[in-house]
Amino acid sequence: MAKAECTPKWNTLALRNRKTCPTPEKSFQTTFTPVSKDKNSQTAGLLAGGDTQSSNGPSGQFVARGSIESPSKVLLMLVAGLSFSTRLYKLTEPPHVCWDETHFGKMGSYYINRTFFFDVHPPLGKMLIGLAGYMSGYNGTFPFIKPGDKYENQNYWGMRGFCAVLGSFLPIFAYLIVLELSNSCTAAIIAATLLIFDTGCITISQYILLDPILMFFIMAAVLSMVKFNQQRYRSFTASWWFWLVLTGINLAGALGVKFVGLSTLQSTSLLGLLHSSCFPSSSIGPGDGFFSSAFQSRLIGNNLHNASMPEYLAFGSTVTIKNLRIAGGYLHSHWHLYPEGVGARQQQVTAYLHKDYNNLWVVHRQQDNNSQSGNPDLVRHGDIVRLEHKETTRNLHSHLHEAPLTKKHFQVTGYGINGTGDANDLWQMEVCGGRKGDPVKVLRSKVRFLHRATGCVLYSSGKTLPKWGWEQIEVTCSPYLKETPSSQWNIEDHINPKLPNISLSVLKPNFLEILLESHIVMFRGNSGLKPKDNEMNSKPWHWPINYQGLRFSGVNATEYRVYLLGNPVVWWINLASLGLYFTMVAVASIATQRGFSLGQQRIEHSLVLVRGGGLLMLGWLLHYAPFFTMGRILYFHHYFPAMLFSSMLTGTKLFYLFHPLSYGMTGPLAHEPGSAMAGLKWMDSWEF
């Protein structure tokens, strides 16, 4: 590899005899402050990245004035050829839905059909998948019901091909990033090779998933940032602006696919508008109920869009009651009872995130007057009401039994039948900020339901019930009466043929309100993901050691089996490299602190290790460590962005470690002070 090694033409005597790649382009120029009498002080300053003043210049810092030489075109073409060929090979196999293709292929179809849906991830990745399908002739009709469903005559190859092409750029980006950071073709080709031949990176790039799209933008952002950093002494030039803008675009792209950089979340603001404008219809799409009533009024096909209904709530009305907590759900009940040992064995009352017939309730007086004729009386602030579940005819009820999950709250149930019950079925209706006699406005009034017998308030806890509760949201009666969105509700659907209707078009929210709500709903939905029955999940400590893979398709010998697992050779080398990196940096730091002379050449390569390697180590930590704090379900594929950084760090470090052997050495032997190979003679038989 010595001939292919691209190194900068240093303006220092110590590197005068180093080989360089001939190029017509401007070479990478670097200046060092002349060696001072206090060599150890200078060494420590260089490793720390600090400025060291001298009489000959303002800084002893490692200063880059230009850009590195162009990488070998042959090597870059080789990397590109191997990367694309390994990712595009057998792209259409297997010809059926694999793992999360059932989600992201389906969501691509929703975009093609302009159908509103809810997902826990930002929209950009699914939009690009939908665009790829549309451009390749896919018509958006395949249902993507479950893994294993045959594609038959559907044009699924376009969506898979789009993801594979983006995944093919990852080794190319790794090559260019490491080349910029280390100025070494050897280090760059090591990093690229690790990714090219990693089985996990190949597998995850070949299917309709968000991961290759996400990793494309992450790596493009890192490359753009490194390129921009090379322009730091050419501020406000065209190239400076180009790489700065491209860094921002790629960061926004990564954040628009998944929430991986919360500190720059504002970069995705434009995506919220774009996502909303893609959906003039929501009639068959899932997810309307995750959003507020006002949000839903913007969606063509939703029952609230351009709807008309009575403006004020009246006794005898049939209504749906929606909690104001984001993703708080509709007040809901069904025939199922609470299980033994969970409060009273009465009918379950929950909050449900989807529109459903079991969300309907009828508003009654404390004691109905069946002889009432003409216009019904309006419900006003302070009135006592009884809410009867329309399907089961049981009343909304609470008592002093503890709630299923929130133990300091009281249980809420359905009790009685056909209007009969007891005093625990009565609730006082309050308009937040209202006064006695104020009417309850549909959609606009925030109301609370105070339980007359216990004094608690109807509350949506946001906690997901176990399987016996159909994984719906817990509804309780809270003894804590502070007004919060969890204890506030609004009347959404309102049916009463005895009252005049008004248009709801005046209630549509503005763009900023939509943007804020959509992001909050995505955040909460993401954090609430739980494993399904028999679903394989993993823990973060499993990932770097390649402990357990992920089944994409097939189980037995007669099926086409796809299993996501990293190449053990690559992953275990990366794991060793991570541990060794900290050791190497610590040894170098201790050596400078103890006064050992590293030599000028070793100082320069230490800068590459500390600065370039430090950036890659930071990238690995930022894409790995946060998963230890997450309560949601985790999978093996979550580690792959971090794995990209560990592979690049391996390339940088392995090159650095035995770099002097590539070109020959002068000066002290390995066992002598100041040797370029100090500490690297691991075996006595190594005679350097």
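Start by selecting helix 5 and helix 6 (residues 185-196): their axes come within 8 Å and cross at roughly 155°. That makes helix 5 roughly antiparallel to helix 6, because angles over 145 degrees count as roughly antiparallel. Axes here are lines fitted to C-alpha atoms over the stretch in contact, and angles run from 0 to 180 degrees between N-to-C directions. Helices are DSSP runs (H or I, at least four residues), numbered from the N terminus.

A note before moving on. This is a predicted model, where local features need pLDDT of at least 70 and side-chain atom pairs count only at pLDDT 80 or more, while totals for chains, interfaces and linings use all residues. Residues are numbered from 1 along each chain as its sequence is written, and side-chain values use heavy atoms, leaving out hydrogens and water.

**The first pair, up close**

The crossing of helix 5 and helix 6 is right-handed: the near helix is turned clockwise from the far one by less than a right angle. Now show the contact (heavy atoms within 4.5 Å). On helix 5, pick residues including L170, Y175 and L179. On helix 6, pick C185, I189 and L195, among others.

**A second pair**

Next, select helix 8 and helix 9 (residues 238-257). Their axes come within 8 Å and cross at roughly 155°. Helix 8 is therefore roughly antiparallel to helix 9. How is this crossing handed, left or right? The crossing of helix 8 and helix 9 is left-handed. Helix 8 brings F217, M225 and F228, among others, to the contact. Helix 9 brings residues including W240, W243 and N250.

**The cores**

Which residues have the most contacts inside the largest nonpolar core? They are Y175, Y639 and M648, in a core of 87 residues. Such a core is a set of buried Ala, Val, Leu, Ile, Met, Phe, Trp, Tyr and Cys residues joined through side-chain atoms within 4.5 Å. Buried means under 20% relative accessible area, with a 1.4 Å probe and protein chains only. Helix 5 (residues 157-182) gives this core its largest share, twelve residues.

Centre on M648. Leaving aside residues up to four places away in sequence, M648 touches A174, I177, V178, A191, M219 and L616. Another core lies apart from the largest one. Its 36 residues include L313, L353, V363 and L396.

**Last stop: Q206**

Find Q206 in the loop between helix 7 (199-205) and helix 8 (211-230). Is Q206 buried or exposed? Q206 counts as buried because its relative accessibility is 10%. Its side chain reaches the backbone oxygen of Y89 at 2.7 Å. Beyond four places away in sequence, Q206 touches residues including T86, L91 and R160.

Key:
Buried < 20%, exposed > 50% of the residue type's maximum accessible area, 1.4 Å probe, protein only. Helix = DSSP H or I, 4+ residues; strand = E, 2+ residues; numbered from the N terminus. Polar contact = N/O pair within 3.5 Å; in protein donor to acceptor, adjacent residues only side chain to side chain. Parallel < 35°, antiparallel > 145°, perpendicular 65-115°, else oblique.
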